[in-house]
Amino acid sequence: MPVKRLISKYGLENHGLTNVGKVHWNHNTPMLYEDIIRNGEGHLMHLGPIAVRTGLHTGRAAKEKFIVEESGSQDQVWWGKVNKPFPQDKFDMMFRRLEAYLQGRPLYVQDCYGGHDSRYRLPVRVITETAWHSLFARTMLIQARWEELEKHVPQFTVLHVPNFHAIPEIDGTHSEAFILLNLSKKLVLIGGTAYGGEIKKSVFTVLNYLLPQKNVLSMHCSANCGPDGDSALFFGLSGTGKTTLSADPKRQLVGDDEHGWSADGIFNFEGGCYAKVIRLDHEAEPEIYATTRRFATILENVGFDPITRRIDLDDDSLTENTRAAYPLGHIPNIVKDGKAGHPRNVIMLTADAFGVMPPISKLTPEQAMYHFISGYTAKVAGTEAGITEPEATFSACFGAPFMVLHPSRYAELLAERIREHKVDCWLVNTGWSGGPYGVGKRMKIKYTRALLNAALDGSLAKVDYEEDPIFGVQVPTECPGVPKKILKPRNTWKDKEAYDKKAEHLAGLFVENFRQFEDQASEEVKAAGPMQAVTAG
C-alpha cells in the first residue's frame, strides 16, 4: 500500500519558523491520541473520549484579544471595546520571541479549512505545541482530504503556543495571555491560554472579516434542517441553547455554532461541535450526551474518577464551562455536506436574567434587525474568565467578540436575506421565568422545544397573538404542550408591580445600548425597540 504524504510542500519556513524540533504533520485522531497520552497531556476515559485540562483559563480570555493596526484593514475594522488595536511593532516583537521560544521544540500541524462551501472556504493551517490542541483543530475545522494535503497552501495561519506567556510590561498586553490577529500577515498568535475555544473563534473572527466583503453573511448561530428541506437558524451566545436546541432528532443538524448565508443558501464553517456539557441530561439532550462517551471526543475540564475513568458531568469543581469537542458525525442525524437551502425561520435566543422576556415572540423584519443588532442575553457562568453567575449584557449580532466589521454590515445582509426569502423571525427566551435570576427558575427545556416545534412546523402561525405592552413584540396566546400562564411572563410573577419595574428597567437598557448604533440605523429599525422604554439608571 502506498504511503500517504501528509506534509504540505508549503513548509514552516514560509511562516518564519526554522530550527524547530520534530514536526508532526496532519496526524490523524488515533495518532494524536497516542501522543496526547505519551506526552501526559490528557487521560483516556471509559468508552474512548480523551479528557484534558486547560489550566488557569477555562473560558475565552476576551480582554486579551487584539487586532493589529495596519493600513490594509484599518478603515474596515469596527474599533472599540471589542476590537482593540495592537501596534504592528509590538506584534513583530512578539513573533520574534515566539520564534526563539520554538527553537528545537516539537510542533503539530493541521492543514484544514473553514467553510463547507468550496467557493468560500478558507484554507487554514493550525500550528500547535501540543497534540491535544492539534486534535481540537482537526475536530473543529474541516479536514482536508488526503490528496489535498501535499498542495495545501494556507490563506490564514493560527500559531497556538499556550505555554508561552506574554510579558505585559514589554509586550503591551493586559496579562500573560494574548490573542493577536494580524489581517495583513494572515496570522493569529495565541499564547498564555490553553482553552481550545480560542483556536476555533480565531478562525471564525477571520471569516467574519472576509466573507461579508464577498456578500456572504457570516453568523454566530446553529442551524438545522427539516424533512422538507426547511432550514432554521438559531442565533445566540454561548450558553443560550444554540447547540442543545439545534440537536433535534426530528431535524438534521447542519452545525452548532458558525455559519455563512450566501445567495445559494447556508453552510457550516466547521467540521465539529463544541458543546457545553455541565450537568448534561441524557433524557433532555440524548444526542449530545452520547457524544461524551465516544472515541474522538475531547472533554475539556470535565470531572472523572481517576480509577474507573468514568466521567462526571455534574462536577463543576474546575469550571461551569465544561466542554465537549466532537466530530459532527457523532450526531446521528446530520447534513453530511454541511450545506442547506435558505432558512424559513430565524430564531434569536436570549437567556434573560431579568425574567421579563416572553418565552417566545414573533418579530417583524424591523424588530428582527433591532434585536439582532442589540444581541441581548446573559453571559453564562464560566463562559468567560471572571463570570461566576449570569450577567445581563448586549452583544451585537449575538457575537460581538468575533465581529470585526461594524454590526450594521452584518445586519444589512441579514435584512436583505430575510426580506428576499420571506423568513419568519422569532425571539426565544431560554432564561428565567417567574422572577429574575436568584428568584425565578430557568425555563424548562421541554417548553422551549415545544414552542420551537410549533414555530418550525407552522402551527404557531395559526394561533392568536397579543402585543407585549412594553417590548412591542407579538406573543402567542397558546401553544400545545406549554402552560398558557408562562407565555405572558407577567403572569408568572407573584409581585406584578415588581415585574413592571423590572421590565421597564430592561427596556431602558435596550434604549441606552442602541444609542451607539442609531447613526447607522433606519427610522423603522429605531422605532422597533421597546415601546415604553425608560433610560437606564
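Tutor: Begin with contact, which means heavy atoms within 4.5 Å. In the protein chain, among contacts between residues at least 6 apart in sequence, 73% join residues at least 24 apart. This is a predicted model, in which local features need pLDDT of at least 70, side-chain atom pairs count only at pLDDT 80 or more, and totals for chains, interfaces and linings use all residues. Residues are numbered from 1 along each chain as its sequence is written, and side-chain values use heavy atoms, with hydrogens and water left out.

Student: How many helices and strands are there in the protein chain?

Tutor: Helices (H or I, at least four residues) and strands (E, at least two) are DSSP runs, numbered from the N terminus. The protein chain has 14 helices and 31 strands.

Student: What radius of gyration would a compact globule with 537 residues have?

Tutor: The radius of gyration is taken over C-alpha atoms, and the globule rule is 2.2 Å times the number of residues to the power 0.38. For 537 residues that rule gives a value near 24 Å, and the 23 Å of the protein chain agrees with it. The C-alpha trace spans about 70 × 55 × 45 Å along its principal axes.

Student: What percentage of the residues count as buried?

Tutor: Buried means under 20% relative accessible area, exposed over 50%, and partly exposed in between (1.4 Å probe, protein chains only). Of the 537 residues, 60% count as buried.

Student: Which residues touch the most other members of the largest nonpolar core?

Tutor: In soluble globular proteins, nonpolar side chains tend to be buried together. A nonpolar core is a set of buried Ala, Val, Leu, Ile, Met, Phe, Trp, Tyr and Cys residues joined through side-chain atoms within 4.5 Å. The largest one here has 99 residues, and L233, F235, W261, M348, F372, L414 and F471 touch the most other members. Another core, of 28 residues, lies apart from it, with F66, I127, F164 and L189 among them.

Student: What does M348 touch?

Tutor: Leaving out residues up to four places away in sequence, the partners of M348 include F235, L363, F372, L414 and W426.

Student: Is T492 buried or exposed?

Tutor: T492 is buried, because its relative accessible area is 16%. T492 sits in the loop between α12 (484–487) and α13 (496–514). Not counting residues up to four places away in sequence, T492 touches S433, G434, K485 and I486. T492 and G440 are 52 residues apart in sequence and 8.9 Å apart in space, C-alpha to C-alpha.

Student: Where is H46, and what does H46 touch?

Tutor: H46 belongs to the loop between β2 (42–44) and β3 (50–52). Its contacts, not counting residues up to four places away in sequence, are T308, R309 and R310. H46 counts as partly exposed because its relative accessibility is 32%.

Student: What is the phi of N26, and what is that of R279?

Tutor: Phi of N26 is near 50°, a positive value in a residue other than glycine. N26 lies in the loop between β1 (23–25) and α1 (29–38), and N26 is buried, with a relative accessible area of 3%. R279 is not a glycine either, and has a positive phi of about 55°. R279 is in the loop between β17 (272–276) and α8 (286–291), and at 42% relative accessibility R279 counts as partly exposed.
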